[in-house]
Amino acid sequence: MLLGDQEQYLSYNGEVLIFHLSKAKHVEGAADKTMNLCVRRMAFNRDTKLFVQKSSGVFSMCASHLKIEIICCNCTTDSRTGIVLPCILVKKRKRNNVLKYLLLLLHSSNQFEQSFHFKLDYELKEDIRLFTGPSVLWRHANKLFYISSNTRTVLSAPVQLSSVVWTGEIEGEGTVVLGTRTACLTQSEHEDEFSTSDRAIWGSEFFGYAIESQKMITGTCFMPHAYSRVVSSAYVCKDERVRKQLRVSLVAVTHKNQLIWFQDGLPKGVCELPYEKPCSVKTAVTSNNDFLFIVSFASGNISVVQRRDSLQVASKWQKVKSVLVDDFIGSGSEQLLLLFKDDTDTDVLSTFKITDLGAVNYASDVNYKHDVPAAERLQENGLLTVQALETRLQAGFTSIRELQQHLGLKKKVILESCKALIDLVEERTHIPPNAKEVKHRREYRQLLNSAETFEGLVSLWDDVENPPHSLSKETSLASKVPERIIEKLWQRVVGDSLVVGVKVTESFHLLLSDVSLSLVMDQDFSLISPIIKCRNKIIKLNKAFSALSVSSCQIEPPPKKMKLDSHNKTDLKKEFPKKHSRFQLDGEKTVIAVTSLSPLLAFHRVCCTVLLHVKKQKRRNDSLRETKKITVICGKILLSLEDLSSGKYSVKVLRDNSYCTGSVEDILAVLAVSLRFSFQIVSSDYTLTPLNSWLLGEMECTPFKECHDKIFCHKAGDVYGTVFNWTLKNPFKGILTIFCRNLTVLFQCLHSLIRVLPPSCDVKLLRSGSKGALTEQLVLALEKEMLTVRSSFSSKESKAGNSLSWGNEPGKEISDAPVASLLDSEEGVQQFRKKLQNEREECVLSMNQTMNGPLYRQIALKIAEAQLSSDIIVWRLS
């Protein structure tokens, strides 16, 4: 190959790379044995409509210029970084007819890097390909050879082939070589009869060979074996795996001057090509989403086939030196760059054409300076477009301004409401906003009333001076606490969570749904709400330090068709606090609030007021109770970065001999931030003795000194800090409760547990509580439902019965003596008959009494609450 023919062209990120060899400048007194591999980066300038040089680079090699050649170049992926880089294969002829091949990588700084080199005693001529690695593949003597930057050794594939038609990446297979070979009918392959007879008739077949896995792929998923003798080159457009089956869409050019489109191994379209001897095919996707097939011919001609309803030749060119596909003009889609042969001009990019067979069409022989009318039309269209965009932008700014004003008013309402709430619980007089803010509130209410999307909302403020009755009632309840409730306030930091606990006195009776905690920041922030979002839990620890139960949010059953809204959450234990003492929280009760720690630390130092919201029940009669809400200020907590760094509020759980030390607050904090899962373990053939050994041995657990039935895991790794509770019902049945940080830790614990359990064990996740406890709760719930219905209607009947009067005077009974005297005469009988008729009419009227709306809603709400409780327990039992 002559020196003048050593130019190679490559497109890379919208640029044109020109590689060529040049002789180094001669230095006097030095031997002329240096050759330079030069590269020029050329970019298209849309103003001048010409290619300009951006940068250049040089790689020097010691050899005579007649002994160095550029074999090929391509863009491949560097396996070290995953970055696609230009790659150049260079040949150096050495003594004794030994050929040395160098593979070079070009970086963005125009620095060349030698990836690897290899030596051969023959010359590479057939089917040379560069692919991911970088790697080099070629065919010699009907054998396939390849070398990569990882192996750096020439390897031979165990296949015989007559040609390579395509090399590229296939999903799930890596780099795959698609080629043809003589049919191998004796090998054991699971193929249908048609494929076998097809190979036998034509004597050749297609095959795929995966380089990395070194396995064969059936060639019929690409195209039928009947085309193996005529296909010269192919290109895989799309490949995917559907239900573990490879589906491929590709195009191929044949020696019969045809381009054929195959889908899943079957021909779907064919197009006659305008020139002879097609040698390669590549694809391009234009701005109109047109899929173009660019076919190169041995004569230097180019033909473009377009695929729409069918395959059709869209354009063709002659005397093309090279064709490249890339986004040269920076439009976001691909174009074709055609470099034409021109013997009169030495500049390689002096004669070119950029086109996508659509709106993009640049040519080197067009003078764009004299195309004034087109430029004027373009400028006019651009002006109209800018004006339309400015109008839309102005409308968008107006909408954003209105939304900002709306959000500002809503923010003022929420912040003022929070201030009023804080003043209420701290028994301070709330100062309302000034007249200007009242005006804003009126405007905001008008906005709410006029907007369709806020229909049904009510204002949070009123302009009247007298507060509502309910507000004054809440104030009186909040200020008058009948007894001492709070025993202790504490806080802990566990991971990224802040745990605040309030210990309630044992004499104070409360239920799970009657209490909650709120955290309110004392700092006056104008942009954020002072109410801290947190989740509540109630933990009860009885005096004997036995079972420790954590209440958590239960999963709701599927919604019913009709469901009344209840403002008061029901509990099965409200109606039976004395009769069923086993369901009462009669031990030490701690209300806990858990919130995220990192948002609070953004303020460096935070002071929060802790509020306890309690619902007190007062017995009104034997069957009905009156609920009153009170709010208690528990105290304040302080938190700062200094406290966190010093570990002031950290959980201190240490191993001391056979026990795990830690205060009750530390135990409660760990359980509060953990997820609770209960599993019922039943073994029919073996006892569950290995489970104790697993907890104390493999999991390295020790019981808490303050709570013996809870054991703490000290095993290193993710499972550290997990708490277990193992309750053995009998030697073959028990319940294991796991308190863990997340589901990953839970799966690790279960994976370790299954390995030590007997194979016949049955492990079942319990939704909440045991089946016996749920059954007893269901009985209580049904009893409560029955009592609610009976008491509701019996109260109505008693009212009706009290309204009846016997005789003219209410409450006066008719004795037997007056009745006997009345029956002695005819007038007395008539009088007695008249009184009896009056009583009958009064009785009928009492039975037909109507019920007012509020009383009916109250009765219906109580009945719905009772039915909802029983339905939830039935769902949990199912």
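The model is a predicted one, and the values quoted here are computed from it. The count of salt bridges comes to 18, the count of cavities of 30 Å³ or more comes to one, and the largest nonpolar core has 29 residues.

**Salt bridges between strands**

- Lys91 and Glu69 form a salt bridge in which the closest N and O atoms are 3.1 Å apart; Lys91 lies in strand β6 (residues 84-93) and Glu69 in strand β5 (residues 68-77), so the pair ties together parts that are 22 residues apart in sequence.
- Lys91 counts as buried, at 2% relative accessibility, and Glu69 counts as buried as well, at 13%.
- Lys91 and Glu69 also belong to a network of salt bridges that links them with Arg93 and Glu123.
- Glu205 forms a salt bridge with Arg181, with 2.9 Å between the closest N and O atoms; because Glu205 lies in strand β15 (residues 204-210) and Arg181 in strand β14 (residues 174-182), the pair ties together parts that are 24 residues apart in sequence.
- Glu205 is buried, with a relative accessible area of 2%, and Arg181 counts as buried at 9% relative accessibility.

- The side chains of Glu113 and Arg80 meet in a salt bridge, at 2.9 Å from N to O; Glu113 lies in strand β8 (residues 112-120) and Arg80 in the loop between β5 and β6, so the pair ties together parts that are 33 residues apart in sequence.
- Glu113 is partly exposed, with a relative accessible area of 23%, whereas Arg80 counts as exposed at 54% relative accessibility.
- Asp121 is found in the loop between β8 and β9 (126-131), and with a relative accessible area of 66% Asp121 is exposed.
- Asp121 and Val98 are 23 residues apart in sequence, while in space their C-alpha atoms are 5.1 Å apart.

- Strand β23 (residues 302-307) and strand β24 (residues 311-317) run antiparallel and are joined by six bridges, with Val305 standing opposite Val313 in β24.
- β23 and β24 form a hairpin, and three residues lie between them.
- Strand β25 (residues 320-326) pairs with β26 in the antiparallel sense over six bridges, and in this pairing Val323 stands opposite Leu338 in β26.
- β26 is also joined to strand β27 (residues 352-355) by four bridges, the two strands running antiparallel, and the bridge partner of Leu337 in β27 is Ile354.
- Six of the six residues of strand β26 (residues 335-340) are buried, so this strand is largely enclosed by the rest of the structure.
- In a regular strand the side chains alternate between the two faces of the sheet.
- In β26, Gln335, Leu337 and Leu339 point one way, Leu336, Leu338 and Phe340 point the other way, and all are buried.

**Nonpolar cores and a covered helix**

- The residues with the most contacts inside the largest nonpolar core, which has 29 residues, are Ile485, Ile486, Leu498, Leu517, Val610, Leu612 and Leu639.
- The elements that give two or more residues to this core are β29 (486-494), β30 (497-504), β31 (515-521), β35 (588-596), α5 (598-601), β36 and β37 (625-640).
- Apart from this core lies another one, of 24 residues, which includes Cys701, Ile711, Cys740 and Leu757.
- Helix α7 (residues 664-672) is mostly covered, since eight of its nine residues are buried; the buried residues are Glu665, Asp666, Ile667, Leu668, Ala669, Val670, Leu671 and Ala672.

**The largest cavity**

- The largest cavity has a volume of about 50 Å³, and its lining is made up of Leu421, Ile422, Val425, Glu426, Val520, Asp522, Thr609 and Leu611.
- The elements that give two or more residues to this lining are α2 (372-425) and β36 (605-619), and α2 gives the most, with three residues.
- By class, the lining of the largest cavity has five nonpolar residues, one polar residue and two charged residues.

How values were computed. Residues numbered from 1 in each chain as written. Predicted model: local features only at pLDDT ≥ 70, side-chain atom pairs only at ≥ 80, totals over all residues. Heavy atoms only, no water. Salt bridge = Lys/Arg side-chain N within 4 Å of Asp/Glu carboxyl O. Buried < 20%, exposed > 50% of the residue type's maximum accessible area, 1.4 Å probe, protein only. 1 Å grid on protein atoms, 1.4 Å probe; cavity = no way out; pocket = protein on both sides within 12 Å on 5 of 7 lines; lining within 4 Å. Points joined across faces, edges and corners; volume = space filled by probe spheres on them. Nonpolar A, V, L, I, M, F, W, Y, C, P; charged D, E, K, R; others polar. Core = buried A, V, L, I, M, F, W, Y, C linked by side-chain atoms within 4.5 Å. Pairing = 2+ DSSP bridges.
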